Amino acid sequence: AAEDVQARARLDALHDVVVERLGVVAGYATAAVGGEDYLAGEPCVCRGGEPAGAPVCGCWVSECAANNLVADALQWYAAEIGGHPVDVAYHNAGAVRADLPAGAIRKEHVLKM
């Protein structure tokens with residue numbers, strides 16, 4: 001099938017807009033925040049997984065900095081943006097898919113997380 005030149009031009013233009021917007025710095029982190037960053041003094045909890053007996057560790061089975069950051073962000077958003085302060089924020093532990101690097105945090109990093 002022949003390539004639609006007009007469609008390709010439009011997609012290329014949209015790609016450039018998305019790349020530009022994802023590159024916007026949303027904030028800064030003094031240290032990396034990851035799924036393997038457990039709370040001080042808390043041991044990593046591992047459970048058997050697949051294949052049989054393989055360890056499953058991280059935010060899936062233990063409290064970690066990345067999950068806490070997301071829950072804190074949800075709680076802040078409800079109060080500050082939504083106008084409804086809440087006592088608790090909860091999210092699916094498997095929803096954290098990527099770490100945040102130290103330094104500039106771009107919108108791309110937030111969306112990947």
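Guide: A salt bridge is a side-chain nitrogen of Lys or Arg within 4 Å of a carboxyl oxygen of Asp or Glu. The model here is predicted, and the structure holds four salt bridges.

Visitor: What makes Glu-108 and Lys-112 a salt bridge?

Guide: Their side chains meet at 3.1 Å, N to O, and the cut-off is 4 Å, so the pair qualifies. Glu-108 and Lys-112 lie four residues apart in helix 3 (residues 107–112), which means a separation of about one helical turn.

Visitor: Why is Lys-112 called partly exposed?

Guide: Its relative accessibility is 47%. Exposed requires over 50% and buried under 20%, so Lys-112 falls in between. Glu-108, with a relative accessible area of 24%, is partly exposed by the same rule.

Visitor: What makes Arg-106 and Glu-108 a salt bridge?

Guide: The closest N and O atoms of Arg-106 and Glu-108 are 2.8 Å apart, within the 4 Å limit.

Visitor: Why does the pair Glu-3 and Arg-8 count as a salt bridge?

Guide: The closest N and O atoms of Glu-3 and Arg-8 are 3.9 Å apart; the limit is 4 Å, so the pair counts. Glu-3 has a relative accessible area of 55% and is therefore exposed, whereas Arg-8, at 38%, is partly exposed.

Visitor: How do you know that the span of helix 1 is close to the expected value?

Guide: Helix 1 (residues 5–22) has 18 residues and reaches 26 Å from first C-alpha to last. The expected span is 1.5 Å times one less than the number of residues, which gives 26 Å for helix 1.

Notes:
Residues numbered from 1 in each chain as written. Predicted model: local features only at pLDDT ≥ 70, side-chain atom pairs only at ≥ 80, totals over all residues. Heavy atoms only, no water. Helix = DSSP H or I, 4+ residues; strand = E, 2+ residues; numbered from the N terminus. Buried < 20%, exposed > 50% of the residue type's maximum accessible area, 1.4 Å probe, protein only.
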